[in-house]
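The entries below follow the order of the look-ups.

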Amino acid sequence: MGEISQSWWLLLVRGLAAVVFGVLALIWPGLTLLVLVIFFGAYALVSGLSELFAGFRHGARSRAWLIVSGVVGILAGIVALVWPGITSLALLYVVAFWAIFTGVSEIVAGIHLRKLIDNEWMFIVGGALSVIFGVLLLVWPGAGLLSLAWLIGVFAILYGIAMIALSLRVKNFTPRAGVP
């Protein structure tokens, strides 16, 4: 299980990217749709690539979820960057479904990590925040871009903090006695 502690920096990169993305969304809430789509696309690509890379480095248990979640993140980023002229409602649905899928996969991965590491709740919290965020976007699809920018910014900062905390915990990972 040494591969978990060796790839701690991937979680740190994801967390830092989320915090930077969130701060930018809050600093410039009046961003045009094009800039918001580019920010989201870049973040989704970084996050997806990190998950994909981690998926190929982890054991068989968590590999599938990480790889699938990584591919979905990469595809969401590509869609956002290739078709930046999509409407705000379409962007809202892309972000919502991406957040829900990513959150569910992170909750599942967090549950698997709980079997290996004591009190490993940060991944589950990050996943739950992602699911809640996605559901809120689906419940209130009429939110304007300003609201969407603020929601995305707050979510990204909270999610980034959870991922940074997890990366620091995983960095010093020591297997429990009796766990191979």
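Entry 1. I count a charge as sitting over a ring if NZ of Lys or CZ of Arg is within 6 Å of the ring centre and within 35 degrees of the ring normal. The model I examined is a predicted one. In it I found the charged end of K171 over the ring of W8, at 4.7 Å from the ring centre.

Entry 2. I turned next to ring pairs. A pair of aromatic rings is described by the distance of the centres and the angle of the planes.

Entry 3. I looked up the pair W9 and F53. Their ring centres are 6.1 Å apart and their planes stand at 55°, so I recorded the pair as tilted. W9 belongs to helix α2 (residues 8–27) and F53 to helix α3 (residues 33–57), so this pair ties together parts 44 residues apart in sequence. I then checked accessibility: W9 is partly exposed, at a relative accessible area of 37%, and F53 is partly exposed as well, at 40%.

Entry 4. I looked up the pair F21 and Y43. The ring centres lie 5.4 Å apart with the planes at 10°; planes under 30 degrees apart count as stacked, so I recorded this pair as stacked. F21 is in helix α2 and Y43 in helix α3, so the pair ties together parts that are 22 residues apart in sequence. Are these two residues buried or exposed? I noted both F21 and Y43 as buried.

Terms used:
Residues numbered from 1 in each chain as written. Predicted model: local features only at pLDDT ≥ 70, side-chain atom pairs only at ≥ 80, totals over all residues. Heavy atoms only, no water. Phe/Tyr/Trp six-rings, centres within 6.5 Å; stacked < 30°, edge-to-face > 60°. Helix = DSSP H or I, 4+ residues; strand = E, 2+ residues; numbered from the N terminus. Buried < 20%, exposed > 50% of the residue type's maximum accessible area, 1.4 Å probe, protein only.
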